Amino acid sequence: MASTGPPQSLKRPDSSLTREGDQLIITPLGAGNEVGRSCVYMSYKGKTILFDCGIHPAYSGMAALPYFDEIDPSTIDVLLVTHFHLDHAASLPYFLEKTTFKGRVFMTHATKAIYKLLLSDYVKVSKVSVEDMLYDEQDILRSMDKIEVIDFHQTLEVNGIRFWCYTAGHVLGAAMFMVDIAGVRVLYTGDYSREEDLLPDICIIESTYGVQLHQPRHVREKRFTDVIHSTISQGGRVLIPAFALGRAQELLLILDEYWSNHPELHNIPIYYASPLAKRCMAVYQTYINSMNERIRNQFANSNPFDFKHISPLKSIENFNDVGPSVVMASPSGLQSGLSRQLFDMWCSDKKNACVIPGYVVEGTLAKTIINEPKEVTLMNGLTAPLNMQVHYISFSAHADFAQTSTFLKELMPPNIILVHGEANEMGRLKQKLITQFADRNTKIISPKNCQSVEMYFNSEKMAKTIGRLAEKTPGVGETVSGLLVKKGFTYQIMAPDDLHVFSQLSTANVTQRITIPYTGAFGVIKHRLKQIYESVESLPDEESEVPAFEITIPYTGAFGVIKHRLKQIYESVESLPDEESEVLNFRVHERVTVKHESEKHISLHWTSDPISDMVSDSIVALVLNISLEIPKVVVESEAIKTEEENGKKAEKVIHALLVSLFGDVKLGGNGNLVISVDGNVVHLDKQSGNVEGENEGLKERVRVAFQRIQNAVKPILHLCLSSFSQVFCIFNFFLINSEC
């Protein structure tokens, strides 16, 4: 589903209020229903990308920037720059140095090499005040340190965002980027390449020429050379306003070859008026293998950029304007610089000609003179008649309608977003594409600047088994057990032993040991553990060695008490024979080994995991609890009580337990106890155990309770006559029965 909405803030929304996990948003911050300041924002699954970062050539200062105030630059993960043209890359130093952007920026090697030269020249020729300068030379140099390079067809991944680039063919180093986030692919194009494996879910494509069709290449080249030849034959001058880089080199090759084939023109000078000429030619020669086959074949014999009939022109002061000549100068829009100076000098002479070889942006002088007005305004503010001939012969690398429609038919993306085109041309292209794709469910959208396009994708999580787990296909209903490894938005299941092979992770076992001071009977611990765990197995001592950590817990009670308590918690608590020390060791729940180290210590050994850690914690708690209880028994057993004192002790215990059971228990006549429950009263004879009262149910409850309490309390009277082990077992019996 796709929809467009009104301009809105693109700062990261509250995920609890939106379907942010499945919502993909694309918003032009520039180049939306316009040509210039290309900059497209995209977010999906919490990842954000910015495509291109250009300026609008018809404006200056802050007005030339994309609408950066609509986004939070600090949330951008990746910035991808397709090529070095000003309308795609010239706001990059500002964005990197003057905003809160902290992400990573990528472009191709050739783009980075020319980017520095082109922007340095842009800063020098900009006719704006220091206050209106977007950045300076130092900002450009600092931005170079932050730019990373990517090779064509190289796949990179940043924070879960996978992307790679294809040759675009627009200018040297130009690329179009394919971005993959959680399986959703978005293709952002400059010019087009015919790659068979391009299968995007969304194609963000330029619409510069709308439904216009370019003439065949050889026809345009002939028109270009014929106009120039005719003009200079009449004694006129030819001005060719062009970008400093890109098409300019292509046109210079055409002129140099044409001059070589026409000796009569050898005395007519051709100037390339760009300060970047010499430096940029070195870059072009460095990346000669990125050129087309014609240039590569020519380079095998001689350097095609070593022009025989073209000379550089540094400035207007160095130009000897005498007789016919051909001058190629930047900028292409005639808004300033050397091309504008020459235009002001030559525009009034009808013998002269201006050949505009590429796309011109709305708001520039080049766009104005195509309509051939009678007068133009010069840089000094005066007006002058426009008598020179104006010829528009496009060598633009932007695609025409035939190329665009053919490219889209090959891709067949379900969603097409048009950018980088004037509103009228874009509108006509959109309608024609809708007609062409009427038989398919293709959505075609042409958003304006800051108008968001929202799409929703059903994201399905799929995990692939790899390594030894993938060697056998599991049967229906069969359980596959392994480690689930997530990297970005991909999931893999692998055996623990394969972890270091297919990832940068590794496994390790942590064996832990806790030593607890304990002086009680070791058998008590095992007895208690059997009451808790089903599995308490005896093991030889050597199976419980080599600990990695040791924790000491103070304990002075009988070791057997610990085992007895553990049996109340764990199902498995078993004794382990120790041949050397003649003590018992046992393993609880097949995970934790309890060992009687000495008369004063016990130790716990286990391989750390959530369940084993939990079992060991329960055993430690049990031992510590026994340590707290045993002193009470020992102190009581050490004192010699008289028969009378023992009787009083028993009576107090009996009375307290009856109160806990029935509530209202009072001492009546003849030493009998009076028990009241909900208005029913019974009398209990403590000596005989007889119970009298009207409520038969209450009488039976009191009689049974009194009998059980007596059986539990009587052993207390004989503690002083018992051995230590007997004392502990009697005490434990009392504790268990009283809890019931």
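In strand β12, Cys203 is the bridge partner of Leu187. The model is predicted, so local features require pLDDT of at least 70 and side-chain atom pairs count only at pLDDT 80 or more, whereas totals for chains, interfaces and linings use all residues. Residues are numbered from 1 along each chain as its sequence is written, and side-chain values use heavy atoms, with hydrogens and water left out. Helices (H or I, at least four residues) and strands (E, at least two) are DSSP runs, numbered from the N terminus.

**Strand β12 and its partners**

- Two strands count as paired if DSSP finds at least two bridges between them.
- Strand β11 (residues 184-188) pairs with β12 in the parallel sense, over 3 bridges.
- Strand β21 (residues 415-419) also runs parallel to β12, and 5 bridges join these two strands.
- Within β21, Asn415 is the residue that stands opposite Ile202.
- Strand β12 (residues 202-206) is mostly covered, as 5 of its 5 residues are buried (under 20% relative accessible area, with exposed meaning over 50% and partly exposed in between, for a 1.4 Å probe and protein chains only).
- Ile202, Ile204 and Glu206 are buried on one side of β12, and Cys203 and Ile205 are buried on the other, which leaves both faces covered.

**An open sheet of 3 strands**

- The strand order of this open sheet is β24-β26-β25, and its pairing is mixed.
- Strands β24 (463-465) and β25 (483-487) are the edge strands, each pairing on one side only.
- From one strand to the next, the twist averages 30 degrees (axes are lines fitted to C-alpha atoms, for helices over the stretch in contact, and angles run from 0 to 180 degrees between N-to-C directions).
- Strands β24 and β26 (residues 490-494) run parallel and are joined by 3 bridges.
- Lys464 has Gln492 of β26 opposite to it.

**Nonpolar cores**

- A nonpolar core is a set of buried Ala, Val, Leu, Ile, Met, Phe, Trp, Tyr and Cys residues joined through side-chain atoms within 4.5 Å.
- The largest such core has 41 residues, and those with the most contacts inside it are Leu50, Leu79, Leu92, Phe95, Tyr115 and Tyr135.
- Two or more residues of this core come from each of β3 (39-44), α2 (92-98), β6 (104-107), α3 (109-125) and α4 (137-146).
- Helix α3 gives the largest share of this core, 8 residues.
- Leu92 touches Cys53, Leu79, Val81, Val105, Met107, Tyr115 and Ile147, not counting residues up to four places away in sequence (contact means heavy atoms within 4.5 Å).
- Another core lies apart from the largest one and has 31 residues, among them Ile49, Ile161, Val184 and Ile445.
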